[in-house]
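Morning, everyone. Please look at the screen while I walk you through one protein.

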Amino acid sequence: YNKLNGVYAAENEWLLTQVLRGDWGYDGIVMSDWFGSRTTAPTVNAGLDLEMPGPTRDRGDKLVAAVNSGEVAAETVRERALNMLRLMDRTGAMRDHAAHVEHADDRPETGALIRRAGAEGAVLLKNNGILPLSDQAGTVAVIGPNAAVAQVMGGGSAQLNPHYTVSPLQALVARLGADRVIHAAGCTNQRWEPVLQGPMKAEYFANLHFSGQPAHVEEMADGNQFIIVPGAGKVDPNAFSLRVSGRCIASVSRRYNVGISATGPSRVFVDGRLVADASVWTKGRTFFEEGCDEVVGTVDLTAGRSHEVVLEFTPRRGDNLQFSAFRLGVGLPLGDEAIAEAVAAARQADTVILCVGRNGEWDTEGSDLDGIRLPGRQDELVAAVLKAN
């Protein structure tokens, strides 16, 4: 993404060819970071073999045209292709024509190594004889937004799908028994409202005004979507409109938050009423700084009732990266009563384990923290729980 001596790294012939291949003797492939390539002839001539991700944006027909116009030599294209074929040969891809099947390989020895690494990576700052907890430790209150979820990794490219996770709450219940463990969340630590789960109906229109019949209709799994080829290629990526419809069933009758962040102007309606309005779009720090910051509205939902949630989205040409994306979330805010519940749990327990911190929404790529304060009302929660126990 960056420039070196005034030239983008993906277009830097001195870096990719003279230094990497000439001085260092590298004979593998050179590929861009995701959307880190933005030109045709300059990147191909400099030594960039592969633009990522697919489908192609700056090669394909554009590269054929660059060869026909004389901007890129045919021999250069053959060299880039040969580098790719050489990698495929080295990795066995040239000979392995079996269908790709993803599977989980959960090895006990790997799990043991991960547990050992996690334990040895922990730092104990102070212990007044409380640790290690004995099986006769009495009742234990497990409190905090990170108690019932295993925070095992960051977000973005630091996110993987583990074979399984065990939260602090699950582990303590398994060890001590449910009758000796009290749980209270106390507050939240999310950066955005929890993603609305699907299935959701997505209707793409070949105009910016949601008019006429949809050019393409598909199903989306949830309200967090990263769209590189909108409408299966049936609409102009810069001149379409998208209506996404889903349902939300409230767990309790309360006032909920509805949040939207997107790379273009957006609005969210609940049961036909406008709730969150990001139609006057302002650049923020979501989606690699191509999206707006989350806009949050509130709506009263009824327990057990299925409420209709509709998102309307139109694209905006990116400043650096070209794609469309949105995140639609609905969440139940935790207020004073949640902290009071945590305090009550702490008072009646012999021992308190308070699980606070951030999650992968904060500890992620493409975004810096504003400071070191704990998100949400966690500082307040810690002070209240410590006063009680």
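Let me start with one term. Buried means under 20% relative accessible area, exposed means over 50%, and partly exposed is in between, using a 1.4 Å probe and protein chains only. On that scale, buried residues make up 38% of the 389 residues in this protein.

Now the ground rules. This is a predicted model, where local features need pLDDT of at least 70, side-chain atom pairs count only at pLDDT 80 or more, and totals for chains, interfaces and linings use all residues. Residues are numbered from 1 along each chain as its sequence is written, and side-chain values use heavy atoms, with hydrogens and water left out.

Overall picture next. The C-alpha trace spans about 80 × 55 × 45 Å along its principal axes. The protein has eight helices and 15 strands. Helices (H or I, at least four residues) and strands (E, at least two) are DSSP runs, numbered from the N terminus.

Six strands form an open sheet in the order E6-E5-E8-E13-E10-E11, with antiparallel pairing. Two strands pair if DSSP finds at least two bridges between them. At the edges sit strand E6 (216–222) and strand E11 (273–278), and each pairs on one side only. The twist averages 20° from one strand to the next. Those angles use axes, which are lines fitted to C-alpha atoms (for helices, over the stretch in contact), and run from 0 to 180 degrees between N-to-C directions.

Look inside that sheet. Strand E5 (residues 197–205) and strand E8 (residues 241–249) pair in the antiparallel sense over five bridges. Find Lys201: its bridge partner in E8 is Ser245. Then go to Val270, in strand E10 (residues 266–270). Val270 has a relative accessible area of 4%, so it is buried. Val270 and Leu311 are 41 residues apart in sequence, yet their C-alpha atoms are 9.0 Å apart in space.

On to the rings. How many aromatic pairs does a search of the whole structure find? It finds seven. Rings of Phe, Tyr and Trp (its six-membered ring) pair if their centres lie within 6.5 Å; planes under 30 degrees apart are stacked, over 60 edge-to-face, and the rest tilted.

Why is the pair of Phe226 and Phe323 called stacked? Their ring centres are 4.3 Å apart and their planes are at 20°, so the pair is stacked. Phe226 is in strand E7 (residues 224–227), while Phe323 is in the loop between strand E13 (306–313) and strand E14 (324–331), 97 residues apart. Phe226 is partly exposed at 37% relative accessible area. Phe323 is buried at 7%.

A second pair, Phe313 and Phe326, is tilted, with 6.4 Å centre to centre and 45° between the planes. Phe313 lies in strand E13 and Phe326 in strand E14, so this pair ties together parts that are 13 residues apart in sequence. Both are buried. They also belong to one aromatic cluster with Tyr204 and Phe240.

One more ring. Arg38 lies over the face of Tyr8, 4.3 Å from the ring centre. The rule is NZ of Lys or CZ of Arg within 6 Å of the ring centre and within 35 degrees of the ring normal.

That's the tour. Thanks, and questions are welcome.
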